[in-house]
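Here is a short tour of the pockets and ring pairs in one protein model. Look over the structure first, then read on.

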Amino acid sequence: MTHFDDLETRSAATRDADQTTALLAQIARVDAQAGSCLQGGDQVASLADLPKLPVLRKSDLTKWQKEQPPFGGMVVTNASHVFQSPGPIYEPGGNAHDWWRFGRFLTACGIGADDIIQNCFGYHLTPAGTMFENGARAVGATVLPAGTGQTELQAQAAHDLGCTAYAGTPDYLKIILEKADEMGLPLKFTKAAVSGGALFPSLRDYYAERGITCLQCYATADLGHIAYETTVGEGMIVDEGVIVEIVTPGTGDPVPIGEVGEVVVTSLNPDYPLIRFATGDLSAVMAGDSPCGRTNMRIKGWMGRADQTTKIKGMFVRPEQVAALVAKHAGMTRARVIADRKGEADVMIVHCEGEGLDAAAIAASLPAVLKLNGEVIVVSDNTIPRDGVVIEDLRTYDT
């Protein structure tokens, strides 16, 4: 099986040593910057020390960028592009070899120098189109910068140029194929690299029936490529250029292997160091190595949103507040806030796990911590599901 480089098959010890060196270099770059907001960098000597550092959130970037445009005083070097995401948040981009690290994913898809990729990711303001084009150059493929829309022209170009690979959202390739069928145009797609939406099993099966191998990756505008599927094995393999942690939402505390939590990523790209950046997405670590021969950690892919901020009785309750409630009461190990209705009114119920908990004392603290009164129920250990949910909304509005 073809690999992009030897990093994919490193031993755990070698990867740990290499990433520790890269991490310490990133911390030094950030610490050397005037006005650095990173606290605790001097406490980090290994990857195991990462949880000693604060979590960086998108809300932090938004605030900093308003105060100090365009990048909020972050370390940025060798930027060739600037992109905009909702917020707005501005992200730098580079055009050096595989700057976004998508070459690894395209190689796993079997895409290489003999392929013409119809790149249907957006090129305007957002970085996805440029990300995949940069990855295509890394593997030597030719790119048709198709962008989105104008489906008839997309189908015609795919036919005329003999495009063999597709890059874009999971559903748009089906639209192109169906339009080509209507126009009587045979297409040559055999590979698809998708992201930016859900790849449902039925859609993957549809492509397989048409002779197209479709794989998905996980990426963000801030971080670039994070993890990817291969043709062998389950889950997604973490990219070699990042360090991924799964933490309890609203905190920076790692969860056990297999437990669902928020994806926190440290980028090892020296041009734009992001240390412990919270993606707002949920996933879980999978035990063991992939049978494809790649040795890095695997995650289960996207499993929902970690930002479960919910309005109850007109007040927003955030995961960070739930984490503060757990930290406030000795012996409490876990809590889940449940929003429900009683008649026409909102009610808040808080389930708490731990040793020696006093429900009345916890209830008395709710107005200060969660800004609301509510009912507290102390539950047995392992009663609260380990699914990454800390705020659950049971309210329905159809009755």
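A pocket is defined on a 1 Å grid over the protein atoms alone: it is an open set of points where a 1.4 Å probe fits, with protein on both sides within 12 Å along at least five of seven lines. Lining residues have an atom within 4 Å of a point. This is a predicted model, in which local features need pLDDT of at least 70 and side-chain atom pairs count only at pLDDT 80 or more, while totals for chains, interfaces and linings use all residues. Residues are numbered from 1 along each chain as its sequence is written, and side-chain values use heavy atoms, without hydrogens and water.

**Pockets**

A volume is the space filled by probe spheres set on the grid points, which are joined across faces, edges and corners. Nonpolar means Ala, Val, Leu, Ile, Met, Phe, Trp, Tyr, Cys and Pro; charged means Asp, Glu, Lys and Arg; the others, Gly among them, are polar.

| Pocket | Volume | Lining by class |
|---|---|---|
| Largest | about 1000 Å³ | 17 nonpolar, 14 polar, eight charged residues |

Helices (H or I, at least four residues) and strands (E, at least two) are DSSP runs, numbered from the N terminus. S10 gives the most, with five residues.

Which strand supplies the largest share of the lining of the largest pocket? It is S7, with five residues. Strand S7 spans 213-220.

**Aromatic rings**

Rings of Phe, Tyr and Trp (its six-membered ring) pair if their centres lie within 6.5 Å; planes under 30 degrees apart are stacked, over 60 edge-to-face, and the rest tilted. The count comes to six aromatic pairs. Phe105 and Phe132 have ring centres 6.4 Å apart and planes at 80°, so they are edge-to-face. Phe105 sits in helix H3 (residues 103-108) and Phe132 in helix H4, 27 residues apart. Ring pairs join Phe102, Phe105, Phe121 and Phe132 into a cluster.

Lys174 lies over the face of Tyr206, 5.0 Å from the ring centre. The rule asks for NZ of Lys or CZ of Arg within 6 Å of the ring centre and within 35 degrees of the ring normal. Tyr206 is buried, at 19% relative accessible area.

Methods
Buried means under 20% relative accessible area, exposed over 50%, partly exposed in between (1.4 Å probe, protein chains only).
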